[in-house]
Amino acid sequence: MNLIPVGVLGAGKYVPERILTNQELETMVETNDEWIVTRTGIRERRIASEQQATSDLCYEAAKIALDNAGITAEQLDLIVVATITPDMSFPSTACILQEKLGAKQAAAYDLSAACSGFVYGLANASNFIATGTYKYALVIGADSLSKITDYTDRNTCILFGDGAGAVVIGQVPEDRGFKSFELGADGSGGPLLKIEGGGSRNPASQHSIDQRLHYIYMAGAEVFKFAVRIMGNAADEALRKAGWDKADIDLLVPHQANMRIIQASLNRLNMTEEKCMINLDKYGNMSAASIPVALAEAAEQGRVKEGDRLILVGFGGGLTWGAAALVW
Ligand code: UT7
């Protein structure tokens, strides 16, 4: 079977207006700007309003991605939203978005792979296009982590922010597009990063709320060690499958979890910060939104030009990881 080459036709991002600074966090928990900046690289993050749910962030990012791709919502065949903060358990955020956009022809579903979700979504949706099943797909990574963050827990609340990044994917010339995907999971690490409450194991109840089970729990140091190892491994594997060398990379677009994790990935790839998209200082860790927001921002800022070789790489709860080699 001859596969159709698939790539990004347009990208867009949205972050809420409200800025939460390190200085403001100092008034909320026992922390300080110096600790946060040196341990993470984060200076501020965006927080969705009470009225904004994840589909609202998706909608704003999607409109820009569709515009940049030069297609209408009606032309979409598929919408995949990667998120761990859906508007509600069901219907899916993708279905809610389909209605908002008026994307009447599109199949729609959510995908749950935490911070790796966007790369999982790209791998997933691009197969439908490569096989000729669909022509255009909208893939979004979006999360409103502020809604599931415990703002009395200094181990987590300093890290997270809200946002959405979207791409329209479709057919591209043979020498462009996705050249490889590397996805993986290690369920044994699931307990390191989780929300236990509100699912079928611990349905929402007074008890689950009293125990704060509806908030993110994270064993930060363990996740850190995993991240440092897996980011390099996943990027290496995507390079190998694409037949590229480390020196071929024009831009690395990593998950924006911690500057020290990004730095370790750069060391492993023999790269410097000039060839890396970094925006966690402004947005913190936006889970599934981190990679697509960074990608859309790179495009906005003219940091990628046609023919550039990109590596997208992320890790997250699951535990999961994902990397992609992409010619822009
Ligand atoms: O998207 C994937 C999700 N997660 C991640 O990527 C997170 C990965 N992990 C990390 O980024 C880091 O582990 C953190 C930034 C979460 C923590 O940094 P760390 O260097 O691993 O610190 P630590 O957890 O080992 O804590 C060091 C110290 C502790 O104090 P003691 O026990 O040494 O007295 C903490 O209690 O820093 C303390 N601490 C803080 N101090 C000031 C922890 N959080 C804070 C804070 N402000 N916000």
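Strands β1 and β7 pair in the antiparallel sense over eight bridges; two strands count as paired if DSSP finds at least two bridges between them. Helices (H or I, at least four residues) and strands (E, at least two) are DSSP runs, numbered from the N terminus. This is a predicted model, in which local features need pLDDT of at least 70 and side-chain atom pairs count only at pLDDT 80 or more, while totals for chains, interfaces and linings use all residues. Residues are numbered from 1 along each chain as its sequence is written, and side-chain values use heavy atoms, with hydrogens and water left out.

Within the pairing of β1 and β7, G12 has A166 of β7 as its bridge partner. Strand β7 (residues 162–171) also pairs with strand β6 (residues 137–144), again in the antiparallel sense and over eight bridges. In that pairing, A142 stands opposite A164 in β7, and the bridge partner of L138 in β7 is V168. Strands of a sheet pair through backbone hydrogen bonds, either parallel or antiparallel.

These strands belong to an open sheet of five, in the order β1-β7-β6-β4-β5, with mixed pairing. Its edge strands are β1 (6–14) and β5 (107–111), each of which pairs on one side only. From one strand to the next, the twist averages 20 degrees.

Helix α3 (residues 54–69) packs on the sheet and touches β1, β4 (78–82), β6 and β7; contact here means heavy atoms within 4.5 Å. The direction of α3 makes about 130 degrees with that of β1. Axes are lines fitted to C-alpha atoms, for helices over the stretch in contact, and angles run from 0 to 180 degrees between N-to-C directions.

How much of β7 is covered? Nine of the 10 residues of β7 are buried, so the strand is mostly covered. Buried means under 20% relative accessible area, exposed over 50%, and partly exposed in between (1.4 Å probe, protein chains only).

Elsewhere in the chain, helix α9 (residues 259–268) has M259, I261, I262, S265 and L266 as its buried residues. Seen down the axis of α9, these fall within an arc of 160 degrees, so they line one face of the helix; the arc is that of the directions from the helix axis to the C-beta atoms.
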